[in-house]
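Hello,

I am passing a structure on to you, together with some notes on what turned up in it. Please have a look at it first and then read on.

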Amino acid sequence: MTSLKDTQVLAGVREVLHENGFERGETPSEWGTKDRSAFVFEDEYSIVGAVLYSTCDELIHDWPHDQDALSSKISEHFGRGEAKSSDGYLVLMTSGLPEDEQREALTRIRYDTSRLRKLVATGEDLSHKNDIAKLLLPVLPLEIGGSDDVPSSGLDELPSLLDLPEEATRVLIDAYREQAPLLEALHDYTQNR
């Protein structure tokens with residue numbers, strides 16, 4: 001298995017975040033991480049700190065320090081009530097391949113949601129550029145289908161799903177939205193047909 005090189009991982013993460021509206025934040029020295037490749041991005045709603053470790057062992061042993069540093073920075077800049085104060089992500093990556101005995105520790109880190117949500121990827125997870133976007137999916141904005149004709153609610157799709165005349169269903173939905181009596185709206189519809 002071939003994994004991406006460290007420079008490809010870092011460039012890919014920066015590119016994906018930037019393309020999705022995130023702006024570059026503090027440098028690693030301002031953030032307080034150890035001497036390694038790290039950066040912070042933020043958008044209107046969240047803060048994403050990303051750290052690239054040399055090996056899986058380094059990731060497993062050093063991530064708590066980087067979490068503390070990012071949590072402290074978030075606390076310094078945002079109050080408890082602000083959205084960003086509770087929407088922080090720590091992306092922990094290495095191009096190294098995990099040993100069998102390291103897999104359990106990596107899984108524990110992935111499921112540890114204390115303080116920040118953690119996204120973890122090793123060389124096994126980062127073998128292609130598309131893998132970076134998959135890793136970052138939890139922090140990226142949701143994409144709504146490519147159509148401009150997106151329903152405003154599930155009610156708008158209801159007429160096409162029911163085995164009833166579409167026009168009658170729309171009459172009922174309109175009455176529901178207007179908080180008008182449903183049976184009366186249906187009665188008027190059938191009388192005027």
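Strand β3, residues 47-53, is mostly covered, with 7 of its 7 residues buried. Here, buried means under 20% relative accessible area, exposed means over 50%, and partly exposed lies in between (1.4 Å probe, protein chains only). Strands (E, at least two residues) and helices (H or I, at least four) are DSSP runs, numbered from the N terminus. The model is predicted, so to speak of local features we need pLDDT of at least 70, and side-chain atom pairs count only at pLDDT 80 or more, while totals for chains, interfaces and linings use all residues. Residues are numbered from 1 along each chain as its sequence is written, and side-chain values use heavy atoms, leaving out hydrogens and water.

Which residues of β3 point which way? I47, G49, V51 and Y53 point to one side, V48, A50 and L52 point the other way, and all are buried.

Now for the neighbours of β3. Two strands pair if DSSP finds at least two bridges between them. With strand β2 (residues 37-42), β3 pairs in the antiparallel sense over 6 bridges, and L52 of β3 is the bridge partner of S37. The link from β2 to β3 is a hairpin of 4 residues. Strand β4 (residues 88-94) runs parallel to β3, and 7 bridges join the two. In this pairing, T94 of β4 stands opposite Y53.

Stepping back, these strands belong to an open sheet of 5 strands with mixed pairing, in the order β1-β2-β3-β4-β5. At its edges are β1 (23-24) and β5 (117-121), each of which pairs on one side only. Helix α3 (residues 56-77) packs on this sheet and touches β2, β3, β4 and β5, and its direction makes about 155 degrees with that of β4. Contact means heavy atoms within 4.5 Å; axes are lines fitted to C-alpha atoms, for helices over the stretch in contact, and angles run from 0 to 180 degrees between N-to-C directions. Helix α5 (residues 129-136) lies across β4 and β5, at about 160 degrees to β5.

Lastly, the chain overall. It has 8 helices and 5 strands, which follow the pattern α-β-α-β-β-α-β-α-β-α-α-α-α along the sequence. Of its 193 residues, 38% are buried. Among contacts between residues at least 6 apart in sequence, 62% join residues at least 24 apart.
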